[in-house]
Amino acid sequence: MIKLLFLGTFLFSTVCLNAQDTESYQEAPNPVAVNPVLWSEVKAPQVSWGSTDVRYKKEEPAAVSGIKKSINLTAWKGEKVSAQLVVWTPETLNNLTFTVSDLTSGSESISKDDIRTSFVRYVMTDELNKDGLGACGYRNSVDFDSTLVADVLDHLTPSLVIPANSAQGGWISVRVPQHAEARKYTGTVTVRNGDTALSELKLTVNVKNRILPVPSEWAFHLDLWQNPYAVARYYGVEPFSDKHFELMRPLMKLYADAGGKVITASIMHKPWNGQTYDAFESMVTWLKKVDGTWYFDYTVFDKWVEFMMSTGVRKQISCFSMVPWRLSFQYFDQASNSFKYLNAKPGEAAYEEFWITMLKSFAQHLKKKGWFEITHIAMDERPMKDMQETLKVIRKADKDFKVSLAGTYHAELVDELDDYCITIAERFPPETIDSRREAGKVTTYYTCCSEPF
């Protein structure tokens with residue numbers, strides 16, 4: 001088992017909702033028709049506690065085994081715990097809301113200010129993995145049915161219109177203060193349609209006499225890749241402008257509060273080619289001067305790293321990628337006043353010359369900023385031969401550079417990689433985990449579309 005170490009590579013490019021989005025947030029039409037037979041026994045709106053492990057279908061009565069009006073959660077001091085309620089109704093609800101009271105225990109309380117409520121909103125998806133073989137690559141839409149699935153936690157929309165014969169989840173997260181007394185706290189959740197109370201649910205949190213440290217002190221290693229370009233495109237703002245950083249802060253703070261440890265930085269153009277909806281541009285400007293020498297500008301890279309550190313993400317910087325998904329490297333050529341591309345691969349002289357020049361400059365800059373020790377030259381799902389050739393180049397540029405890879409397990413790379421993340425279907429040998437842990441290296445796993453579960 002890999003203890004207290006987790007995901008290396010989930011792409012975290014979701015846009016954080018701001019107040020101006022709530023009026024225009026429209027869910028896609030449900031492609032699944034309502035089955036009247038399933039609703040024939042439901043005579044009035046129903047409210048019950050559900051499970052946080054269930055995504056309730058929008059078009060069906062909630063699959064709960066009996067109406068549940070009270071729920072008991074257990075938490076450490078400093079921990080966040082969540083619960084899900086669900087409403088299903090045979091008639092239209094024009095103004096569904098739910099509110100939570102303070103949770104009290106004698107003279108002690110957990111304030112409702114420490115409790116966040118959210119509607120569970122729906123997004124479109126298609127069938128996943130119905131053949132049991134994973135879901136990478138091209139998918140013919142006619143072969144896979146589409147449906148809505150509960151996904152987004154919308155904590156900004158104050159009320160919703162719920163159509164007749166549909167279900168709606170509500171999410172409640174309680175962040176227990178670290179100074180809370182160890183005891184049982186109880187409060188109520190009131191669900192209303194306009195001025196009419198539909199139900200009152202009881203919520204109890206049993207706080208244990210144990211303290212969870214603040215996220216920055218967790219050994220748990222969480223690495224969700226961030227895509228700032230998605231946020232800039234969504235809001236139509238200049239990348240890395242003051243407005244851009246203002247819009248990103250709530251999202252990236254969520255990542256930091258979840259224990260996020262790693263800053264994702266792109267040091268060349270499109271490291272994943274066209275794999276992401278919003279392509280990653282280079283945070284480093286590559287410029288070849290008229291005289292043939294190189295100039296590298298790190299202004300954007302610095303602004304991004306400093307911003308992420310200000311949110312609390314400070315352990316590691318992962319820089320992608322010397323081995324991108326398309327081996328073509330963009331730079332600005334001053335002589336022709338145009339962008340050009342070097343098409344070269346690891347093991348070729350042109351590739352080595354191109355990257356050694358940059359890495360020497362980059363190492364010097366990182367040392368000046370005090371970031372060299374936490375920076376990793378990062379690669380994603382690249383063949384072992386390419387990795388071995390790339391490592392030669394990195395070591396020639398600066399033997400002390402740290403290197404990371406998310407990809408397949410190769411024993412030959414174990415000692416070379418400071419951060420090694422393999423697919424969840426594979427296994428590190430126990431002795432490898434132990435030796436890497438003793439050396440202070442990061443050893444994690446990730447999931448992707450190839451996994452059947």
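A: One definition to begin with: helix axes are lines fitted to C-alpha atoms over the stretch in contact, and angles run from 0 to 180 degrees between N-to-C directions. Helices (H or I, at least four residues) and strands (E, at least two) are DSSP runs, numbered from the N terminus. This is a predicted model, where local features need pLDDT of at least 70, side-chain atom pairs count only at pLDDT 80 or more, and totals for chains, interfaces and linings use all residues. Residues are numbered from 1 along each chain as its sequence is written, and side-chain values use heavy atoms, with hydrogens and water left out.

Q: Thanks! At what angle do H4 and H5 pack?
A: Helix H4 (residues 299–311) and helix H5 (residues 349–369) pack at about 40°, and their axes are 13 Å apart. That makes H4 oblique to H5; angles under 35 degrees count as roughly parallel, over 145 as roughly antiparallel, 65 to 115 as roughly perpendicular and the rest as oblique.

Q: Which residues make the contact there?
A: From H4 come Phe-301, Asp-302 and Glu-306, and from H5 come Phe-362, His-365, Leu-366 and Lys-369. Contact means heavy atoms within 4.5 Å.

Q: What classes are they?
A: The contact of H4 with H5 has three nonpolar, one polar and three charged residues. Here Ala, Val, Leu, Ile, Met, Phe, Trp, Tyr, Cys and Pro count as nonpolar, Asp, Glu, Lys and Arg as charged, and the others, Gly among them, as polar.

Q: Now H2 and H3: how far apart are their axes?
A: They are 10 Å apart, with helix H2 (residues 228–235) and helix H3 (residues 242–257) packing at an angle of about 120°. H2 is therefore oblique to H3.

Q: And which residues touch in that pair?
A: Pro-228, Val-231, Ala-232 and Tyr-235 of H2 meet His-244, Leu-247, Met-248 and Leu-251 of H3. By class, the residues of this contact are seven nonpolar, one polar and no charged.

Q: New topic! Which residues of H7 are buried?
A: In helix H7 (residues 430–438), the buried ones are Thr-432, Ile-433 and Arg-436. Buried means under 20% relative accessible area, exposed over 50%, and partly exposed in between (1.4 Å probe, protein chains only).

Q: Why do they line one face of the helix?
A: Seen down the axis of H7, the buried residues fall within an arc of 100°, so they line one face. The arc is that of the directions from the helix axis to the C-beta atoms.

Q: What do they pack against, and what's on the face turned away?
A: The buried residues of H7 pack against strand S23 (419–423) and strand S24 (442–446). The face turned away carries the exposed residues Pro-430, Glu-431 and Glu-438.

Q: Where is there a cis peptide bond?
A: A cis peptide bond joins Phe-320 and Ser-321, with omega about -10°. Ser-321 sits in the loop between strand S18 (316–320) and strand S19 (328–333). Most residues other than glycine have a negative phi, and most peptide bonds are trans.

Q: So which phi does Lys-270 have?
A: Phi of Lys-270 is near 50°, a positive value in a residue other than glycine. Lys-270 lies in the loop between strand S15 (262–266) and strand S16 (285–288), and Lys-270 is partly exposed, with a relative accessible area of 34%.

Q: Last one: how many helices and strands does the protein have?
A: The protein has seven helices and 24 strands.
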